[in-house]
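Dear colleague,

Please find below the structure for your files. My notes on its aromatic rings and on one of its helices follow.

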Amino acid sequence: MKMAAQASMENIQSNGGPFGAVIVRNGEIIATGVNRVVPNSDPTAHAEVEAIRAAAKKLKTFDLSDCEIFTSCEPCPMCLGAIYWAKIKTVYYSNTRYDAASIGFDDNFIYEEISKPLENRFVQFIHLPVDEARKAFEIWNTLETKNRY
């Protein structure tokens, strides 16, 4: 946990946000990540996502179910989704989403938005079904060679 916190401190000096993450497997550090949203002009470059990308690349797998993540702050909904997709079973965190909100980060706002019905969200959602999208799902569903993730 101290390594994730230290990474967040060092990242501030590199024009990054105050967030750091470390992925560990069987006591071994597999990957680290820091928030690079501003330097990379990438709204998805959060510490947890960066660490997951690095770990998956290093281990050559999208399945990180034998790993744990230590992060300097409770993951935002995007990072939480990435953690679930990576199948990481344990998240250790230091600061909370409320701590992040108190210094101007939107994590808690997004958590609140997710719980609202689509029609009540800040971002407008419009359902536009097309046959091609449905067909892609049908093809995928019957594909015998697919690699489930």
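Five aromatic pairs are counted, where rings of Phe, Tyr and Trp (its six-membered ring) pair if their centres lie within 6.5 Å, with planes under 30 degrees apart counted as stacked, over 60 as edge-to-face and the rest as tilted. The pair of phenylalanine 62 and tyrosine 149 is edge-to-face, because the ring centres are 6.2 Å apart and the planes stand at 75 degrees. Phenylalanine 62 lies in the loop between H3 and S3 and tyrosine 149 in the segment after helix H7 (131-142), so this pair ties together parts 87 residues apart in sequence. Helices (H or I, at least four residues) and strands (E, at least two) are DSSP runs, numbered from the N terminus.

This is a predicted model: local features need pLDDT of at least 70, side-chain atom pairs count only at pLDDT 80 or more, and totals for chains, interfaces and linings use all residues. Residues are numbered from 1 along each chain as its sequence is written, and side-chain values use heavy atoms, leaving out hydrogens and water.

Tyrosine 149 is exposed, at 63% relative accessible area, whereas phenylalanine 62 is partly exposed at 38% (buried means under 20%, exposed over 50%, partly exposed in between; 1.4 Å probe, protein chains only). Ring pairs join Phe62, Tyr149 and Trp140 in a cluster.

In helix H3 (residues 47-59), the buried residues are Ala47, Glu48, Val49, Ala51, Ile52 and Ala55. Lysine 60, which follows H3, has a positive phi near 60 degrees.

Yours sincerely
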